[in-house]
Structure formats: C-alpha cells, structure tokens
Amino acid sequence: MLAVVPPPVTVRVPSKINLHLSVGDLRKDGFHELITVFHALSLTDEVTVAAAEDPGIEVYGEGEGSVPTGANNLAWRAVQALAGYVGKDGGEPKVRVVLRKGIPVAGGMAGGSADAAATLVGLASLWKLDIGRDDLAEIAAKLGSDVPFALYGGTALGTGRGERLVPVLSRHTFHWVLAFDQRGLSTPRVFGELDRLRADGDPPRVGSHAPVVEALASGDPRQLALLLGNDLQAAAVSLRPGLRRTLRAGVNAGALAGTISGSGPTCAFLCADAQSALEVAAELAGAGVCRTVRVAHGPVPGARLVGGDDLPRSTPPQVHA
Ligand SMILES: C[C@@](CO)(OP(=O)(O)O)[C@H](O)COP(=O)(O)OP(=O)(O)OC[C@H]1O[C@@H](n2ccc(N)nc2=O)[C@H](O)[C@@H]1O
Ligand SMILES: Nc1ncnc2c1ncn2[C@@H]1O[C@H](COP(=O)(O)OP(=O)(O)O)[C@@H](O)[C@H]1O
C-alpha cells in the first residue's frame, strides 16, 4: 500500500522592531528584565516544512551564507522541541525545512525567532496536531525570548525576558524605512556592552512605556515619533559607532524619527505616511550609510499559513501582573 505523504506547508512570519525597550537588571539566569513594546512588520521570512526521508534545513535569501544549517538553527530546534512535545519520530523528525529569508540575520529584528515560530505553526499543520497558538507559545518561550511574539504579531507589551505578552491597541498602520548594516551584531554582546557602560557610568534610560501605548492608541505617527526609545541603543552605537551617522541620515532624509531595533544594528525610521517612506528610502539608499534599505509597515499578524486554514487565536492572552 502507498503511504500518503502530506503536501508541504508554507508559513509567512513577520520581523519585529522594538518601539520601546527598557532594560532592567541582569538576572541570576543571565537574562535582563525587560519592558518592551514589540511591533510586527511586513518584512517577512517564509518557511516551508515538508515530510522528507532526508531531514534538514535549507536557507535562501537575505544573509543565507551566515545562517547555520545544522542543529543550532533555531528552526531546527523548533522541529525537535515540537517533536519532543508530541512524542513524534523518537526525536529524529523526518522533515525538511526551507527558509526563504527577507529579515536581516543578527539584525535585531528577530529573524531566527521568526523562523522558529513559523516552523512550529507549519509543523502543527503538517502533522495535523490538535494544538493552539497558546500551547505553541509555551514551547516557543523555551526556544528564545522573542519567539512567542513572532507567533502572535501585532503590537504587544513584552515583559519578563520579553516572552510574557499582552496585546497593545494600535489604531493606525505605521510606515517604516529599515536600514540594514553591513554585518550583524551579537545580542549577548550588546547586552554585555550595556552592562559595561552601566558599570562605568549612568547612560540615560528610557522612561515609562505608558506614553508609547497612548500614542499607539491615538494612531498619530508624529506623537509616536517623539517617544521611540531603546536602552540598548547606546551599547549598539558604542560597538558600531557608524550607526550614529545612519540614524542622522534617516532623519535628514525626512523621517520623523529613527531608532535602533532591539540589539541592532538595523535602524528603523518612522515616516509620516507611505509616500514619505518611499522618499526617505530613496534618499537613504543614496546616502551610502548602510548596505540595504527596505520599506515596511506595521502592525501585521504573526506567523500565518500561506493559502490555508490557520490555527485559532490571533492575539496573545491577557496576562495580569
Ligand atoms: C534584544 C531583543 C529585544 O527584542 O531582540 P534582538 O535584538 O535579539 O532581536 C531580545 O530581547 C533578544 O531576544 P532573543 O534574540 O530571543 O534572545 P535569547 O536567544 O533569548 O537570548 C540571547 C542572549 O541575549 C541576552 N538576553 C536576552 C534577552 C534578555 N531579556 N536579556 C538578555 O540578557 C542573554 O545574554 C541571552 O543569552
Ligand atoms: N533561522 C535562523 N535565521 C537567522 N539566524 C539564525 C537562525 N538560526 C540560528 N541563527 C543564529 O542566530 C543569530 C541571531 O540571528 P537573528 O535571530 O537573525 O538576529 P537577532 O537576534 O539580532 O534578532 C545569527 O547570528 C545566527 O547565527
């Protein structure tokens, strides 16, 4: 009898920027307490999962040469985590994962986390699992601090090490220009640099996230522009001083404001509208301050099956402190 092989499943998953990132103390487990406002952008990766006798990972697109294809790829760790959770294939899942990357690698936009989240959603469909997004989020949090957000997307307040999420109302589509740097920055290195800067002095800290949440509800990009802030920015600029010039160039090109996303080095520029974003992107591309420029909008939904039925629940559960 012929075995029925299920058709491959493709998932589109957003990148993220941090509209607000407040870094607290270093915890005993090596992580820092965070308060962050995540915002999912239309710059995406696409992940295809398929049943295969020759398991493994293939990577194409943005930064393909610098993405590991072995067991340390975050998407493969997601395969193993879900297989372990449901007791499938004795820990050696017979699947092939193809990553088509648009998100810059080690860019502070959570590309690896996005691929892990997409893999969980794709496999849940491929294996016809009766599992919801909230159960996947528990597995996701073990894979990395940013992975749960990539499942839900939208705009959300993240606390803990970033994995505890509450949705934030965002009334508007915001338009962004993204400047990719020549090389990535290591997330642990940037957190370490912030610890060093804080041990040596007192770099300025972002204030409360509340005004950012209010600006999102108002939907006014000009109000939001005044409030973008990231405690990791000083550390990223300290490690990569050229970013100061990139940030200036975006504002000189007509952006309302610029910020470094997460641990960088990608710079995100908020623009007044879609037309302005195109104009800023064109001028920034000619300024010679970055490798590549992209336009994107947000918020957009989290990991979604392409052309198929989706898993239930599209916003994170309410969590009360
Ligand atoms: C900084 C942020 C902001 O959204 O994004 P990126 O710049 O990486 O995209 C995240 O906190 C990154 O999350 P993620 O990239 O998933 O990090 P993880 O794999 O969980 O952790 C990698 C390392 O970063 C440091 N880390 C991460 C999160 C956190 N709250 N405190 C930390 O100190 C730790 O050294 C940890 O070992
Ligand atoms: N699927 C993946 N895509 C990108 N990078 C990955 C992936 N899996 C593991 N990595 C590793 O994770 C590191 C961080 O990548 P990424 O998630 O893109 O950046 P960031 O943590 O800055 O948001 C990369 O340098 C790479 O070595």
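The legends below describe an overall view and several close-up views of one predicted model.

**Figure 1. Overall view of the protein chain.** The protein chain contains ten helices and twelve strands. Its C-alpha trace spans about 65 × 45 × 35 Å along the principal axes. For 321 residues, a compact globule would have a radius of gyration near 20 Å, and the value of 19 Å for the protein chain agrees with this. Of the 321 residues, 52% are buried. Among the contacts with a separation of 6 or more, 76% are between residues 24 or more positions apart in the protein chain. The protein chain exposes about 14000 Å², and 53% of this area is supplied by carbon and sulfur atoms. There are 30 positive and 32 negative side chains, and the centres of the two sets lie 3 Å apart.

**Figure 2. Helix H3 and the elements packed against its buried residues.** Helix H3 covers residues 133–143. Its buried residues are Arg133, Leu136, Ala137, Ile139, Ala140, Ala141 and Leu143.

**Figure 3. The salt bridge between Glu58 and Arg96.** The structure holds 13 salt bridges, and one of them joins the side chains of Glu58 and Arg96, with a distance of 2.8 Å from N to O. Glu58 belongs to strand S3 (residues 56–61) and Arg96 to strand S4 (residues 95–101), so that this pair, 38 residues apart, links distant parts of the chain. Glu58 counts as partly exposed because its relative accessibility is 24%, a value between the limits of 20% and 50%. Arg96 is likewise partly exposed, with a relative accessible area of 21%.

**Figure 4. The salt bridge between Glu62 and Arg291.** The closest N and O atoms of Glu62 and Arg291 are 2.6 Å apart in this salt bridge. Glu62 lies in the loop between S3 and H1, and Arg291 lies in the loop between helix H10 (274–285) and strand S11 (292–298); the pair therefore ties together parts that are 229 residues apart in sequence. Glu62 is buried, because its relative accessible area is 13% and the limit for buried residues is under 20%. Arg291, at 38% relative accessibility, counts as partly exposed.

Figure 5. The side chains of Lys101 and Asp115 meet at 2.8 Å, N to O. Elsewhere, Arg27, Asp29 and Glu33 are joined into one network by salt bridges that share partners.

**Figure 6. Glu279 in helix H10.** Glu279 is found in helix H10. Glu279 counts as partly exposed because its relative accessibility is 46%. Glu279 and Val59 are separated by 220 residues in sequence and by 32 Å in space, from C-alpha to C-alpha.

Figure 7. Most residues other than glycine have a negative phi, and most peptide bonds are trans. The peptide bond from Gly264 to Pro265 is cis, with omega near 5°. Pro265 is placed in the loop between strand S9 (257–260) and strand S10 (267–271). The peptide bond from Gly298 to Pro299 is also cis, with omega near 0°. Pro299 lies in the loop between S11 and S12.

Figure 8. Ala106 is not a glycine, yet it has a positive phi of about 55°. Ala106 is located in the loop between S4 and H2. At 39% relative accessibility, Ala106 counts as partly exposed. Ala110, which is not a glycine either, has a positive phi of about 60°. The place of Ala110 is also in the loop between S4 and H2. Ala110 counts as buried, because its relative accessibility is 16%.

Methods
Residues are numbered from 1 along each chain as its sequence is written. Chains are lettered from A and ligands numbered from 1 in the order in which they are written. This is a predicted model: local features need pLDDT of at least 70, side-chain atom pairs count only at pLDDT 80 or more; totals for chains, interfaces and linings use all residues. Side-chain values use heavy atoms; hydrogens and water are left out. Helices (H or I, at least four residues) and strands (E, at least two) are DSSP runs, numbered from the N terminus. The radius of gyration is taken over C-alpha atoms; the globule rule is 2.2 Å times the number of residues to the power 0.38. Buried means under 20% relative accessible area, exposed over 50%, partly exposed in between (1.4 Å probe, protein chains only). Contact means heavy atoms within 4.5 Å. Accessible areas come from the Shrake-Rupley method with a 1.4 Å probe; for residues, only the protein chains shown count as cover. Lys and Arg count as positive and Asp and Glu as negative; His and the chain ends are not counted. The place of a charge is taken as NZ of Lys, CZ of Arg, CG of Asp or CD of Glu. A salt bridge is a side-chain nitrogen of Lys or Arg within 4 Å of a carboxyl oxygen of Asp or Glu.
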